[in-house]
Amino acid sequence: MFFSALPVWPRRALRALVGLVLFLVALLLVAWVALPMWIERAGVRIATEQLGRTVTLGRASFTPWRLALTLEDLKIAGPAAESPPLFEVHRVRAALSPRSLWHLAPVLSSLKVEAPRGRVALLPDGRTDLDDILARLAADPKTPASPDEGPAEAALYNIELTDGEFRLDDRAAGMVHELKALHLGIPFLSTLDADVEVHVQPRLSGQLNGVGFQSEGQAQPFADTRSASMTVKLDALDLSAYRAYWPKALPMRLAQGQVDTQLTLDFKQPPGQSPEVKLSGRAALRGLSLQRKAGDGDGAWTDWLRWQALTVDLTDVQPLKRQVMLGAVTLKQPELLMGRDAQGRLWLPEMPPAQAPKPVTAVAAASAASPA
């Protein structure tokens with residue numbers, strides 16, 4: 001009755017619009033049921049075949065009115081049946097923006113990852129326990145991209161990672177590194193100018209081997225001059241925990257030391273200009289002690305150089321411009337403990353000689369030139 005009262009062309013246009021809306025509603029209803037079922041069955045099977053490791057998924061769900069997909073209890077098995085999972089995550093929530101239709105490219109209005117856990121082992125022979133996965137992915141033939149295509153267009157907004165935990169088991173050095181309570185907030189990662197509301201502020205915090213670090217920042221992604229700022233603070237990072245990585249060829253070794261930093265990273269990109277990155281703040285190395293081998297030959301070590309604190313103020317460091325401007329450099333209570341050997345010579349560190357190429361003598365050159 002309502003359609004018949006309208007002129008011919010508006011009536012046809014309105015019917016086409018209603019038909020399009022009904023088609024989209026029906027498509028969303030089908031996706032509401034079919035998409036989770038496909039992910040839980042075929043999607044998990046395909047991932048298992050691609051990685052060569054068993055992939056399991058607790059539950060998948062799709063919310064049509066938000067275009068949001070949720071994955072729960074996703075796990076990738078470890079290298080052996082008795083090993084803990086290589087990777088697991090409690091929940092992943094991704095919401096697709098309707099602007100994806102306008103840009104004909106994926107635009108995520110939000111991405112939230114809850115409680116991810118990752119475990120990687122470095123084996124004594126230099127390999128890792130995920131080399132089998134990397135080999136399978138590298139062997140998979142891929143169609144080379146055309147040089148005219150450029151980078152893929154995509155936009156990710158409001159990225160959040162909460163309660164992350166990653167473990168690196170360095171069996172060659174006999175050390176285990178743990179990153180716990182990781183929280184990460186990224187306002188956007190985009191190659192598109194998609195106007196999506198941003199409500200996540202830049203943030204990074206966690207604990208690295210028991211030492212806490214935190215940062216907070218601000219971003220203005222939609223101003224004429226895009227800008228972002230993040231301040232990272234690190235308190236008392238113990239360097240003695242990394243002595244296994246000290247070069248053994250050096251005639252001294254690190255005994256102890258702690259690093260404190262409070263650095264601010266500023267990003268700015270005016271319209272039509274190259275981006276500017278500026279690093280400023282303060283870094284300090286406290287309680288440093290370098291040791292040298294004692295002269296009695298019993299393998300003992302003795303202090304050689306130590307100080308209470310070395311503080312460096314970074315005024316304006318711009319890596320893209322190769323510009324470094326430092327402020328005050330303060331060294332507090334330095335001590336250099338010298339000693340004499342039996343011949344009365346002072347001990348100074350001797351760096352290992354560089355491996356110079358062997359010169360080719362005239363006899364060797366003649367021998368190489370003569371026929372067999």
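Asp73 is partly exposed, at 37% relative accessible area; the cut-offs are under 20% for buried, over 50% for exposed, partly exposed in between, with a 1.4 Å probe and protein chains only.

Quick caveats. This is a predicted model, where local features need pLDDT of at least 70 and side-chain atom pairs count only at 80 or more, while totals for chains, interfaces and linings use all residues. Residues are numbered from 1 along each chain as its sequence is written, and side-chain values use heavy atoms, leaving out hydrogens and water.

Now, Asn158, over in strand β5, residues 155–170. Phi is near 55° there too, again positive in a non-glycine residue. Is Asn158 buried or exposed? Buried, with 2% relative accessibility.

Next up, Trp65. You'll find Trp65 in the loop between β1 (55–63) and β2 (68–76), and Trp65 is exposed, at 68% relative accessible area.

Zooming out: the protein chain has 4 helices and 14 strands. Of its 372 residues, 28% are buried. And which share of contacts between residues at least 6 apart in sequence joins residues at least 24 apart? That's 53%, with contact meaning heavy atoms within 4.5 Å.

Terms used
Helix = DSSP H or I, 4+ residues; strand = E, 2+ residues; numbered from the N terminus.
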